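This briefing covers a few local features of one model. Please have the sequence and the structure in view while reading.

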Amino acid sequence: MSKDGSMSARISEIFVSYQGEGTFMGSRQLFVRFHGCNLSCAYCDTVRDSYRSFTKEALLGKILDLGDDYNELVLTGGEPLLYGDFLKEFIKLFRKSSRKSVYLETNGTLPGEMAKIADLVDIVAMDIKLPSTTLMNEQVWDRHEKFLEHCRNPQLIVKAVVSDSTVIEDIKRMSGILKKWGQRAQIVLQPVTSDNGSIKGPDEEMLFFFKEYIKKEFSDETFVMGQMHKCMGIR
């Protein structure tokens with residue numbers, strides 16, 4: 001809450017750049033990066049210690065000040081769904097001032113919060129956290145499965161970060177969950193990319209095997225893509 005009692009959210013940065021991941025790669029977007037995350041993945045590359053608190057009105061004002069030379073408004077993090085109630089009110093307010101698409105980047109583990117905004121966002125880029133890649137003790141498969149139930153209306157992109165430690169059992173389980181869900185989605189296998197743009201993911205043969213398995217089990221729209229922004233040295 002802000003000092004006057006209105007709802008607020010912690011935001012690390014607001015900027016315009018090019019999407020560096022997934023099937024919208026290269027699209028000019030306005031990014032709002034929310035502070036904090038409920039997970040701790042081995043490959044996490046988002047470290048933001050500083051933040052400012054914004055009300056929905058203050059955030060909209062900042063966005064409008066940046067003009068409209070972008071294609072989508074990206075709500076990213078950290079994990080933006082830590083602020084589900086704020087997002088619900090902010091997106092409604094944003095819709096009154098702009099026709100830009102709203103693009104949510106999320107770790108896909110907060111289904112209850114996603115339910116609050118499922119009808120308000122246009123695109124959801126959801127991570128599936130493969131245990132062999134994240135090296136987390138916490139298992140999140142059940143939460144991913146419940147999360148997908150709230151992704152039947154937005155365009156869905158499912159991203160799985162893969163590394164040289166990723167095992168086929170995780171790929172099979174992810175494919176099974178998506179097949180059970182039964183809707184259309186684009187799947188992105190994203191090899192871990194270092195800050196200098198070099199790839200730390202599985203070798204080419206294993207990446208091909210992972211991709212072909214998912215295509216066979218779930219979706220022809222399966223892609224292997226690194227992180228373009230790191231290769232280009234941009235945010």
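The model is predicted, with local features needing pLDDT of at least 70 and side-chain atom pairs counting only at pLDDT 80 or more, while totals for chains, interfaces and linings use all residues. Residues are numbered from 1 along each chain as its sequence is written, and side-chain values use heavy atoms, with hydrogens and water left out.

Helix span
- Helix 2 covers residues 84–95, 12 residues in total; helices are DSSP runs of H or I with at least four residues, and strands are runs of E with at least two.
- From first C-alpha to last, helix 2 reaches 16 Å, close to the 16 Å expected at 1.5 Å a residue (1.5 Å times one less than the number of residues).

Strand 5
- Because 5 of its 6 residues are buried, strand 5 is largely enclosed by the rest of the structure.
- Strand 4 (residues 72–76) pairs with strand 5 in the parallel sense over 4 bridges; pairing requires at least two DSSP bridges.
- Ser-101 in strand 5 is the bridge partner of Glu-72.

Glu-105
- Glu-105 lies in strand 5 (residues 101–106).
- Glu-105 is buried but has no salt bridge (a side-chain nitrogen of Lys or Arg within 4 Å of a carboxyl oxygen of Asp or Glu).

Technical notes. Buried means under 20% relative accessible area, exposed over 50%, partly exposed in between (1.4 Å probe, protein chains only). Lys and Arg count as positive and Asp and Glu as negative; His and the chain ends are not counted.
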